[in-house]
Amino acid sequence: MSDTLQSAIASVIARAPEWIRQELASKDHAMRERAEEALAAMIAGTLGEASEPKN
């Protein structure tokens with residue numbers, strides 16, 4: 001994994017809201033799944049922005 005990619009992902013995780021952090025630690029499967037999907041969407045959005053050509 002490139003340093004840029006790793007840095008982008010780490011940045012998203014660092015900015016993750018508290019509710020995501022709490023739900024990732026939950027024993028409730030539905031809550032964990034919701035948090036995982038939200039975090040995945042945040043990471044995908046950041047990676048999509050990083051891959052767009054700069055004007």
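This is a predicted model: local features need pLDDT of at least 70, side-chain atom pairs count only at pLDDT 80 or more; totals for chains, interfaces and linings use all residues.

Colleague: Okay, how many salt bridges does the structure hold?

Modeller: One. It joins the side chains of Glu 23 and Arg 34, at 2.3 Å from N to O.

Colleague: And where in the chain do Glu 23 and Arg 34 sit?

Modeller: Glu 23 is in helix α2 (residues 18-24) and Arg 34 is in helix α3 (residues 29-51), so the pair links distant parts of the chain, 11 residues apart. Helices here are DSSP runs of H or I with at least four residues, strands are runs of E with at least two, and both are numbered from the N terminus.

Colleague: Is Glu 23 buried or exposed?

Modeller: Buried, because its relative accessible area is 7%; the cut-offs are under 20% for buried, over 50% for exposed and partly exposed in between, with a 1.4 Å probe and protein chains only.

Colleague: Let's switch to the inside. Which residues make up the largest nonpolar core?

Modeller: Val 12, Ala 16, Ile 20, Ala 35, Leu 39 and Ile 43, six residues. Helix α3 gives the most to this core, with three residues. By nonpolar core I mean a set of buried Ala, Val, Leu, Ile, Met, Phe, Trp, Tyr and Cys residues joined through side-chain atoms within 4.5 Å.

Colleague: Why would you look for a set like that?

Modeller: Because in soluble globular proteins, nonpolar side chains tend to be buried together.

Colleague: Take Val 12, then. What is its relative accessible area?

Modeller: It's 0%, so Val 12 is buried. It is found in helix α1 and touches Leu 39, Met 42, Ile 43 and Thr 46, not counting residues up to four places away in sequence. Contact means heavy atoms within 4.5 Å.

Colleague: And what is Ile 20 in contact with?

Modeller: Ala 35, Ala 38, Leu 39 and Met 42, again leaving aside neighbours within four places in sequence.

Colleague: How do α1 and α3 sit relative to each other? What angle do their axes cross at?

Modeller: Roughly 140°, and the axes of α1 (residues 3-15) and α3 come within 10 Å. The axes are lines fitted to C-alpha atoms, for helices over the stretch in contact, and angles run from 0 to 180 degrees between N-to-C directions. The two helices are therefore oblique to each other: under 35 degrees counts as roughly parallel, over 145 as roughly antiparallel, 65 to 115 as roughly perpendicular, and the rest as oblique.

Colleague: Which residues make that contact?

Modeller: From α1, Leu 5, Ala 8, Ile 9, Val 12 and Arg 15; from α3, Leu 39, Met 42, Ile 43, Thr 46 and Leu 47.

Colleague: Thr 46 in there is curious. Buried or exposed?

Modeller: Thr 46 counts as buried, at 17% relative accessibility. Leaving aside neighbours within four places in sequence, Thr 46 is in contact with Ala 8, Val 12 and Arg 15.

Colleague: What about Glu 37, buried or exposed?

Modeller: Exposed, at 51% relative accessibility. Glu 37 lies in helix α3, and its C-alpha is separated by 9.7 Å from that of Ile 20, 17 residues apart along the chain.

Colleague: Last one: where is Ser 26 found?

Modeller: In the loop between α2 and α3. Ser 26 is buried at 16%, and leaving aside neighbours within four places in sequence, it is in contact with Met 31 and Arg 32.

Conventions. Residues are numbered from 1 along each chain as its sequence is written. Side-chain values use heavy atoms; hydrogens and water are left out. A salt bridge is a side-chain nitrogen of Lys or Arg within 4 Å of a carboxyl oxygen of Asp or Glu.
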